Amino acid sequence: MLSDPSRGVNAAQQPYDLLIVGGGINGVGIARDAAGRGASVLLVEQHDLASHTSSASTKLIHGGLRYLEYYEFRLVREALIERERLLAIAPHIIWPLSFVLPHSRLVRPAWMLRMGLFLYDHLGGRMTLPRSRGVRLDRDPVGTPLRPEYRRAFIYSDGRVLDSRLVVLNAMDARAKGADIRTRTRLVAARRVDGVWEATIEDASGQQVVRARGLVNAAGPWVERILRDTLAIGTSKQVRLVKGSHIVVPRCFEGEQAYIFQNPDRRIVFAIPYERDFTLIGTTDIPWAADPGEVRIADDEVRYLCESVNRYFRKAVTPEDVVWTYAGVRPLYDDAAQNASAVTRDYVLDVDAPPGEGVLLSIFGGKITTYRRLAEHALEKLAPSLPVLGGAGWTASRPLPGGDLGPGGFESAVARLRADAPFLSADDAWRLVRNYGTLAWEIVGTARNRADLGEDFGGGLTAREVDYLIAQEWAVTAEDILWRRSRQGLHIDGAGQARLERYLDARREAVRDSRSAMAG
Ligand SMILES: Cc1cc2nc3c(=O)[nH]c(=O)nc-3n(C[C@H](O)[C@H](O)[C@H](O)COP(=O)(O)OP(=O)(O)OC[C@H]3O[C@@H](n4cnc5c(N)ncnc54)[C@H](O)[C@@H]3O)c2cc1C
């Protein structure tokens with residue numbers, strides 16, 4: 001279905017049903033659902049999968065307790081229902097987390113928190129997570145890291161997610177159902193010709209022209225730019241770009257619970273156990289006008305995040321403690337709210353379907369938590385133009401790759417892996433099942449001892465895993481591997497990272513040599 005632009009488009013080739021622009025969570029979620037309904041799908045992502053907003057989140061699958069304050073009942077209800085579904089279909093990369101919300105009289109009265117949590121417990125219907133409850137901080141271990149002036153807290157439940165892995169797993173399942181997923185491939189131009197879209201895409205080898213009956217603009221923070229500059233199509237809808245940043249510091253409290261702190265500016269900041277040895281602290285809400293690809297945390301955000309947690313923790317966190325940071329741009333639907341924290345987190349789908357022409361759907365806003373339902377809504381909107389997308393949704397109960405953990409769930413899968421591969425340490429087996437679920441067995445393969453897994457780059461990352469990520473998960477660079485496929489960048493020192501770079505260089509060279517030998 002690809003053709004060389006210098007030779008024009010081969011009209012005899014069947015157009016794709018859908019060309020999806022953007023390999024963030026919304027693009028891959030739509031690709032998976034559409035491919036599973038029998039549509040032919042091409043997805044292009046200009047960089048790596050999840051290389052922008054979808055790996056820069058707070059990594060929560062949550063209803064969004066604070067959105068209740070903005071009366072976002074539709075969104076919170078949908079997100080709470082999705083939380084239950086996602087916990088069930090991806091139990092390896094999504095798991096429950098309890099949150100401690102200390103009561104601070106200066107910000108919100110206790111009755112307001114109690115009422116919000118009552119709604120949170122009930123809006124989503126049946127829930128498997130524990131319901132909220134009050135605790136005395138002087139009597140409960142969760143109070144230990146907190147300053148003594150905080151006496152009472154509420155504890156409630158949500159989910160946490162390995163966000164970039166959720167993206168990759170959706171892409172893998174889309175591929176398994178026939179979708180063509182191309183990373184490092186950019187949509188350069190597209191126009192409507194003879195009832196379909198004719199699009200020019202570009203990768204390292206040059207440009208190609210493809211045709212598709214429908215175009216999905218899932219470009220996240222670039223959604224408006226694609227409409228305006230790439231497609232020259234007007235829309236009344238606008239996106240509001242809001243930067244959010246996180247800092248990572250050495251673990252600053254014991255226990256598996258997270259904390260949600262209320263700030264005097266009425267914003268909330270999370271402190272979440274992260275990667276065993278660390279604490280993740282975020283986030284901020286800063287209007288962003290520059291290129292979304294250039295987003296970085298600013299010094300005053302680091303200070304703001306430290307101050308926010310220092311109001312609550314006994315042991316101070318300082319900017320000098322920060323070992324890693326990341327920032328992302330939320331592509332929010334612009335509802336004309338005055339301040340960035342108040343802009344709706346709900347999504348809007350905009351369809352442009354002139355009769356007899358290729359259909360276009362653009363996505364404004366959305367949460368990682370609601371991506372699956374957003375994909376269903378998107379296909380419902382496209383189905384009148386593309387009947388292949390009609391029919392019942394199927395993604396609510398089908399596990400994502402590796403998510404079929406079987407009876408006993410996560411812990412028993414870890415025990416099975418250790419029994420099958422006794423040379424793995426408890427930490428390594430835990431990490432492999434957490435990241436890959438039942439696909440961990442593919443990585444371990446026929447290895448009979450540790451050496452069979454190949455070079456060890458540190459933090460448990462071995463050549464066998466790296467090869468798997470390249471072969472199965474579109475990983476190309478050390479950054480893809482260290483920060484998005486695994487989060488081992490936090491655990492592997494400079495020497496280990498340099499060895500990984502050398503390993504990847506040697507692999508690339510071997511591929512080049514074998515290609516030129518074949519050509520010769
Ligand atoms: C700080 C922060 C915290 C958040 N926390 C949470 C949370 O805890 N829970 C939650 O549910 N949600 C959270 N969110 C929201 C969530 O991360 C986003 O809504 C979601 O990731 C958006 O996904 P997306 O696919 O629309 O955009 P993206 O992930 O940005 O994907 C869009 C992709 O389009 C690609 N693209 C753009 N132009 C082109 C082109 N011309 N050709 C090819 N590709 C192109 C880009 O490279 C990009 O990868 C958070 C967001 C932020 C910023």
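**Entry 1: Arg251 and its partner**

I started at arginine 251, which is partly exposed, with a relative accessible area of 26%. This is a predicted model, so I am reading side-chain pairs only where pLDDT is 80 or more. Arginine 251 forms a salt bridge with glutamate 256, and their closest N and O atoms are 3.8 Å apart. Is glutamate 256 buried or exposed? I looked it up: glutamate 256 is exposed, at a relative accessible area of 55%.

**Entry 2: Arg276 and Asp427**

Next I went to arginine 276, whose side chain meets that of aspartate 427 in a salt bridge of 3.4 Å, N to O. Arginine 276 sits in the loop between β13 (268–274) and β14 (278–282), while aspartate 427 belongs to helix α9 (residues 426–436), so the pair ties together parts 151 residues apart in sequence. I noted aspartate 427 as partly exposed, with a relative accessible area of 45%.

How many salt bridges does a search of the whole structure find? I got 45. From these I picked out arginine 184 with aspartate 48, a salt bridge in which the closest N and O atoms are 4.0 Å apart. I then checked both for accessibility: arginine 184 is partly exposed at 28% relative accessible area, whereas aspartate 48 is buried at 2%.

**Entry 3: domains 1 and 2**

I turned to the domain division of the protein chain. Domain 1 takes in 16–52 + 165–238 + 345–389, domain 2 takes in 89–161 + 239–333, and domain 3 covers 409–519. The centres of domain 1 and domain 2, taken over C-alpha atoms, are separated by 32 Å. In contact across the boundary I found 19 residues of domain 1 and 17 residues of domain 2. Together the two domains bury about 1400 Å², with 69% of that on carbon and sulfur atoms. Which three residues supply more than any others of the area that domain 1 buries against domain 2? They are Leu166, Pro221 and Arg345, with 34%.

I also looked for charged pairs here, and the interface of domain 1 and domain 2 has 1 salt bridge. Arginine 345 came up again in my salt-bridge notes: arginine 345 pairs with aspartate 285, the closest N and O atoms being 2.8 Å apart.

**Entry 4: helix α3**

My last stop was helix α3 (residues 110–122), with 13 residues. From first C-alpha to last, α3 reaches 19 Å, close to the 18 Å expected at 1.5 Å a residue. Which residues of α3 are buried? I listed Leu113, Gly116, Leu117, Tyr120 and Asp121. They cover an arc of only 135° around the axis, which puts them on the same side of α3. As for what lies against the buried residues of α3, they pack against α2 (73–89), β4 (94–102), β6 (152–161) and β12 (258–262).

Note on methods: Residues are numbered from 1 along each chain as its sequence is written. This is a predicted model: local features need pLDDT of at least 70, side-chain atom pairs count only at pLDDT 80 or more; totals for chains, interfaces and linings use all residues. Side-chain values use heavy atoms; hydrogens and water are left out. Helices (H or I, at least four residues) and strands (E, at least two) are DSSP runs, numbered from the N terminus. The expected span of a helix is 1.5 Å times one less than its number of residues. Buried means under 20% relative accessible area, exposed over 50%, partly exposed in between (1.4 Å probe, protein chains only). The arc is that of the directions from the helix axis to the C-beta atoms. Contact means heavy atoms within 4.5 Å. Domain bounds come from an automatic or database domain assignment. Buried area is the accessible area (1.4 Å probe) that two parts lose on being put together, summed over both.
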